[in-house]
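Here are a few exercises on domain and chain contacts. Have a go at each task before you read its solution.

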Amino acid sequence: MKQNLIGALCAIVIMGGAFAQTPKKPVAKPAAQTAPAVEAKDAATIEFEKFRAEMEDSNPAELFEMKGEEQWKTKRGPKNVALAESCDLGLGIGKVQGAYVKMPRYFADADAVMDAERRIVWCMVEKQGFKFDDIAKKPFANANFTPDITNLVTYVASHSRNMKIAVPLKEPKVREAWEIGKEIAAYRAGPYDFSCNTCHGTDGKRIRMQNLPNLSTPAGAMKGVQGWPGYRMTGGVMLTHQWRMGDCFRQQRFPEPKYASDAVAYLLTYMIGNANGQVYKGPGIKR
Amino acid sequence: MADPMKIRATMKGDVAEIRILMAHPMETGQRKDAAGNAVPPHFIQTMTVEVGGKKVVEGHVGTSVSRNPVFGFKMKGAKVGDKVVVNWVDNKGDKRTDEAAIA
Amino acid sequence: MKNNILPAAMATLLLIALPAAAEGDYRAKAIAVIKKDFQPRGQASIDRLAEDGLQAVCNRTGNKPPEGVGKAMEADQLANVKYPADGKLMGDWKAGEKLAQSGRGFTWSDKPGLPVGGNCYNCHQISPKETSFGTIGPSLYQFLKLRGTQPDIQKYVYSKIYNAKAYNLCSDMPRFGHISALGEKQIKDLVALLLDPESPANK
Amino acid sequence: MNTTRRTVLKSATASGVLAGLIGTGALRPTQVLAAEWNKAAFEAKDTAGALKGMGAGAPSDSKDLILRVPDIAENGAVVPVDVVSNIPNTSSIWILVEKNPQPLSASFDFANGALPEVSARLKMGQTSLVKAIAKADGKFYTAQKEVKVTVGGCGG
């Protein structure tokens, strides 16, 4: 009897699940606030924006871009090969112009869907002979150290300035990565029951003063893409989109996603793919 | 060895705009590292901007200038092709010189 | 007790019995990728990736469980709320305000064992003096005036903070008491922040 | 934009050569060397001490000294500051952050056609007045504005 009841309940859940999957959440309006709070927010936002153009125009990210260019063109690694003469970012060996906005994409030589950072790491390992574990040990910048991969990603990203995002979602492997990424974004777990979508699945929400883009919409997804890799004012370090994904999981109270893994590549495919058609402005400056 | 600066110098009408990005940690001496140890002060103290062989700006800098400093200056009497040379020296005696041509 | 086991068992069965094709196998693939591609760091251990019964149900229903299941599981969550032995549900709103400000706790960069913040301002407006507040949750400013007349309001607020899922199974809000993030005293202080007439939230 | 990017001297070795030239005196070292860093002014713990170290006495307010700073800083680690002096014969500009542990942030001397204006980015530990001081014909002028430094992020 008890078994039957459970079975029946489960069936309901499954049906409910199948039903509940397709409809999108209604677009929520920002919660009504008391007047002073709204003014404070708007004044602050307007004030930040006044200085935005200036901050972006003289962005220390250019220092890293410059270093990345040198590293891209220099023969390096155990095999003493330059990435410029060996690495195919999807548009042909050594071609960087427009490559960043067309990733993630599927690379047959690696049989994997790769975002820009993952692809450059793959080239460093396969073409230049660096060890993946050495790169993955300290993949992100801190106060005293900027990894080469960060400079390289910044350089590559700078050559897609003012270009439209064009993730090849019609490619079946990329499409599958997008679908899996979408599910990863919705997956709730951990002590706080958070998923990516808890913060980034609805329009018009904030954490404290921080606006939270809705990554399921083109404009919202672009907000999650724009400015990465970015020079972070806090700490004054250059950080990549891979780092940003990890930091979301940190705040989600999850364990850490492995560097240059499928999980991060698929999530980036979902997010960047959702931003297709939007204009990428190049490496940015972040709060 | 300090990393190179990035210098952008462009003529806007009869005014040359010079924008300089410097790679430097600009440690105040008050920050603590992950292990809780104070990080010693390490910051640029002096800088000069020379255009066409003449010093146009001399700057002195303290610990409260941001990490990876950005400076913007303007001058009259320069022309396209003039050489801009920027120097800095920090409190540890590290130094760096880079140059660019006005575009 | 029977009530506790039922939803958990149901969720487990759900996980096992679910044919991949029934929901499209992207979710199954996503779970496989998550299991393969995460590593423990700091206090964030790998077991955090496993869904508990409630998370599993919310994950599989797009956070919209069928009403019967939702209500049954909410009741189960409510039944597990532990109330203070002294029967007092209101603490010190000043301590509550301080706690509400902190967003620390449980991340891999937080030191394990340090007190966990209430995270309240991350998502809610409370005191009008704090203009830096989030909007994921509703504004709680003037809570006493707007909600204070409800019967058993103290008990409701205490339970809601203890386990928000007792009232809305797939709520975005964490289960602060249920997971022992906040203790009895801390929850009492937060109740006071919302319900004490002297609290800035009610000024 | 891209052409100017390429005008930069990128290679470390080239600058090494340049440093070598300076070392041998081939590049007029007198013009490259800066005056000694003003320790007394930069290490002063308050504005009065910094002014004293600068030899600035009591500067007078001037509307011709334009200080442009945000009302609210997006991040206290990087606060953009622009100073423009319309006071004739301005030869130097100083920037101070009153509540920083060492208020004097930077000073600039202008010569040979440089306009008396500068943009820079400063660290601010807390909400504070930012002051600009200009020196013209031996006299000192000042302008000031408050910058609020806000809480941000996820409360963590």
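**Exercise 1.** Which domains does the domain assignment of chain C give?

Keep in mind that this is a predicted model. The assignment gives domain 1, residues 8–76, and domain 2, residues 93–202. Taken over C-alpha atoms, the centres of domain 1 of chain C and domain 2 of chain C are separated by 26 Å.

**Exercise 2.** Describe how domain 1 of chain C meets domain 2 of chain C.

Step 1: count the residues. Domain 1 of chain C brings 15 residues into contact with 13 residues of domain 2 of chain C.

Step 2: get the area. The two domains of chain C bury about 1,100 Å² between them, and 59% of that is on carbon and sulfur atoms. On the domain 1 side, C:Gln43, C:Leu54 and C:Glu74 supply 53% of the area buried against domain 2 of chain C, more than any other three residues.

Step 3: look at the polar part. Between the two domains of chain C there are 4 residue pairs in polar contact, both residues at pLDDT 80 or more, and the count of salt bridges is 1.

Step 4: find the secondary structure behind the domain 1 side. Both α3 (53–60) and α4 (67–79) of chain C supply at least two residues of the side that touches domain 2 of chain C. The largest share, 4 residues, comes from α3(C). By class, that side of domain 1 of chain C divides into 6 nonpolar, 5 polar and 4 charged residues.

**Exercise 3.** Work out what chain A and chain C put into their interface.

Step 1: residues and area. The contact takes 54 residues from chain A and 70 from chain C. About 5,800 Å² is buried between chain A and chain C, with carbon and sulfur atoms giving 61%. A:Arg188, A:Arg208 and A:Glu256 supply 15% of the area that chain A buries against chain C, more than any other three residues.

Step 2: polar links. The rule finds 7 salt bridges across the interface of chain A and chain C, plus 29 residue pairs in polar contact with both residues at pLDDT 80 or more.

Step 3: elements on the chain A side. Those that each supply at least two residues include α2 (35–57), α7 (172–186) and α11 (262–274) of chain A. The most comes from α1(A), with 11 residues. Sorted by class, the side of chain A that touches chain C has 28 nonpolar, 12 polar and 14 charged residues.

Step 4: strand pairing. β8(A) and β1 (residues 38–39) of chain C run antiparallel, joined by 2 bridges. In β1(C), C:Phe38 is the bridge partner of A:Pro257.

Technical notes: Residues numbered from 1 in each chain as written. Chains lettered and ligands numbered in written order. Predicted model: local features only at pLDDT ≥ 70, side-chain atom pairs only at ≥ 80, totals over all residues. Heavy atoms only, no water. Domains from an automatic or database assignment. Contact = heavy atoms within 4.5 Å. Buried area = accessible area lost by both parts, 1.4 Å probe. Salt bridge = Lys/Arg side-chain N within 4 Å of Asp/Glu carboxyl O. Polar contact = N/O pair within 3.5 Å; in protein donor to acceptor, adjacent residues only side chain to side chain. Nonpolar A, V, L, I, M, F, W, Y, C, P; charged D, E, K, R; others polar. Pairing = 2+ DSSP bridges.
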